[in-house]
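Please read them with the structure open.

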Amino acid sequence: MKPFALAATAALAAPALLTLAAVVVVVGALAGWEPLWNEPTLNLAEAAALNDRGTIQRLIAAGADPNAPAPVRPPILKSQEIVVTPLEAAVGTRTPTTIEFLLARGAGMDARERAVMLCLAMKDEAREIVDFFEKESSDGHPDCEHVPTPW
Amino acid sequence: MSPPPGSGATAWSRAAYAWALAVGAGLAYFLIRMPYQVSDDLEHILIAQAQSAWDILVTRYATVESMRPAMWLTQNAVFELAVGGRYFPTFKAVHLAELLATVVLFVRLLRVRTAVDFTALPVALLALVGMHTFSVTVREGYPVNHFMTVLLCCLVVVNLADLRPHWWHDLAAVLTCAYALFTIETGVLVWICLATVYAMGWRGVSIRGVIAATTIVLAYLMLRFMVLDVGTRTLGVTSSGYGFSVRNTGELAALFGDAPWKFYVYNIVCSALTVLFSEPRAGVFQFTQFVVRGSVPPWSVVNVVASTLSTTLIATNMLSRLRRWQRWTFERDDVLLLVFVAVLGANSAISYPYLKEVVMSPAGMFYAIALFIAVRDLLYRLRAQTSFSPVWVAVPLLVLSTAWSLRAVTLVQTLRTSAFVNRNDWAAAEERQDDVRPHWRERHRDAERLVRQLRGEVVNMPVPQPYTMPRWTRAWVDPY
């Protein structure tokens, strides 16, 4: 190979691949094929587990029940499918943001649900969520050995 | 525009524009699909809804530490332009127009005429969009991204100066300078570009135009500092990176309260270094910290290698021109290289109060132009010297082009991630803004309805789920 051709190939190889990808992305989008911008269909519990407040808002506005348990596919929360409420799933995010978001949109948390969530948070060492429950109520910690939890 | 002296577009020129537009269109695709961030965006849209252009001019010509009437007026004008309440699409259209115009004017300045020129172009284009200073410039909307506006204005005046002289070039250059200056403080760099290219011999804009632009800059400074006493940001106004971490205002005051100038010098030096070496980042010596800890993520290596290799090439190229510069003789490429030096210096200097990467985006853009010249000259030299071992050029070029390509991919991934984050923030926009909601109603009776409309539009936009990205890719994507 001639010296200039070798250098030109070196300079152009990666940018050419990238530009070709850009063209494919644009042409694909025009044809309705968007591999780099697709959103999987989620139920409310899965959206809560993924801290996806946009989807939560959309599903609740469309009439989804914020208290209904739903299956969460692997590996979103665990390596196997589990059935949980959106609030329980939100413990998996390790922050109280989505829990607060759900509570503000009609999710209910009775004493049993609170105990389940707090025990899950303690089991996962989700410190921020434990703090959130401690601030939110002075009921103290439940006896987690006797609280059945989904994981 | 009238064509520049001695130029002639070739098939390579057309190929260069086509390549640039392909890159621009690829970026545009992700930009269109990405919702804007809530902060600044929502507040600015509500201001545009509540105030007429005249009200904005009267009440917002100057605020604390900033004087950006053109920014407010532009946002208001675009808001008013939106047909049938289609605000986001209208703001996005402006954003994309700015992006594509920037890419086209960037390529025009490089004057691609031969196969060698064309070979050097893609690396420069990817350096333009892959540079960390460009990320926020292209990603955020306020809802008009004024940092992008400044980039475009810089390119407009330099391109005008590169043409044959004409009276309307003067007029356009002066108006562009004034618009940029009253849009955001970094707009002064547009004047720096104009003055530099004139001093180096480009006469597309005449001395009358340069004097008029200079007069506007002086008037701006007098108005800002002597008449309105708007002032500027100083130590302790915002947090900023220093050493190995971001320091809050209290820490900065404790460290530099007695001698703020030391902090300012640090910021000026770090601003230049971040463009040249991608280290430090926003004042934090991040790569150094990774090395000390013994765990350097691949994205950090890619950033530093791409920038260091590029800077070495540019510096070597400049050194070979020094003798000519000392005789005050400048070829076309010399002018572009010296504009880069001038913008880097001025851009760093105005970054003295605190460090924010997006502020350095004009210097980052001219860095990409300088890189084009350095790579192209290297290729010309290689073609002329057949005895030269090509491997010594091909290997660094391969590393360079691959590293900048990875950085450009990082930008795409950042847009995808931001889309998810921004949509989440919009979903909670009303709660987030609870403290200011009463003001919305005071400003405009329909303000809350508009917030709900905007939130509804964003929440219904599909965005990529971060969890669908393979874990291994995270090590290659710059998260900052």
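**Notes on the model**

1. Ser278(B) follows H13(B) and has a positive phi, near 55°. Helices (H or I, at least four residues) and strands (E, at least two) are DSSP runs, numbered from the N terminus. This is a predicted model: local features need pLDDT of at least 70, side-chain atom pairs count only at pLDDT 80 or more, and totals for chains, interfaces and linings use all residues. Residues are numbered from 1 along each chain as its sequence is written, while chains are lettered from A and ligands numbered from 1 in the order in which they are written.

2. Helix H13 of chain B covers residues 260-277. Its 18 residues should span 26 Å at 1.5 Å a residue, and the end C-alpha atoms are 25 Å apart, which agrees. The expected span is 1.5 Å times one less than the number of residues.

3. Which residues of H13(B) are buried? They are Phe263(B), Tyr266(B), Asn267(B), Cys270(B), Ser271(B), Thr274(B) and Val275(B). A residue is buried if 20 or more other C-beta atoms lie within 10 Å of its own, exposed if 12 or fewer, and partly exposed in between; C-beta atoms are placed from the backbone. Seen down the axis of H13(B), the buried residues fall within an arc of 155°, so they line one face of the helix. The arc is that of the directions from the helix axis to the C-beta atoms. On the other side, Trp261(B), Lys262(B), Val265(B) and Val269(B) are exposed.

4. The buried residues of H13(B) pack against several elements of chain B, including strand E1 (240-242), helix H12 (249-256) and helix H17 (332-350). Contact means C-beta atoms, placed from the backbone, within 7 Å.

5. H8(B) is mostly covered, with 15 of its 16 residues buried.

6. The largest nonpolar core has 124 residues. Such a core is a set of buried Ala, Val, Leu, Ile, Met, Phe, Trp, Tyr and Cys residues joined through C-beta atoms within 7 Å. Ala124(B), Val157(B), Leu194(B) and Leu371(B) touch the most other members. H18(B) gives the largest share of this core, 15 residues. Another core, of 53 residues, lies apart from it; among its members are Phe101(A), Ala48(B), Ala428(B) and Val459(B).

7. Ala195(B) sits in helix H10 (residues 188-199) of chain B. Ala195(B) has 19 C-beta neighbours inside 10 Å, so it counts as partly exposed.

8. Chain A has 7 helices and 2 strands. From the N terminus on, they run α-α-α-β-β-α-α-α-α. The radius of gyration of chain A is 23 Å, well over the 15 Å that the globule rule gives for 151 residues, so the chain is more spread out than a compact globule. The radius is taken over C-alpha atoms, and the rule is 2.2 Å times the number of residues to the power 0.38. The C-alpha trace spans about 80 × 35 × 30 Å along its principal axes. In chain A, 41% of the 151 residues count as buried.

Terms used. Two residues are in contact if their C-beta atoms, placed from the backbone, lie within 7 Å.
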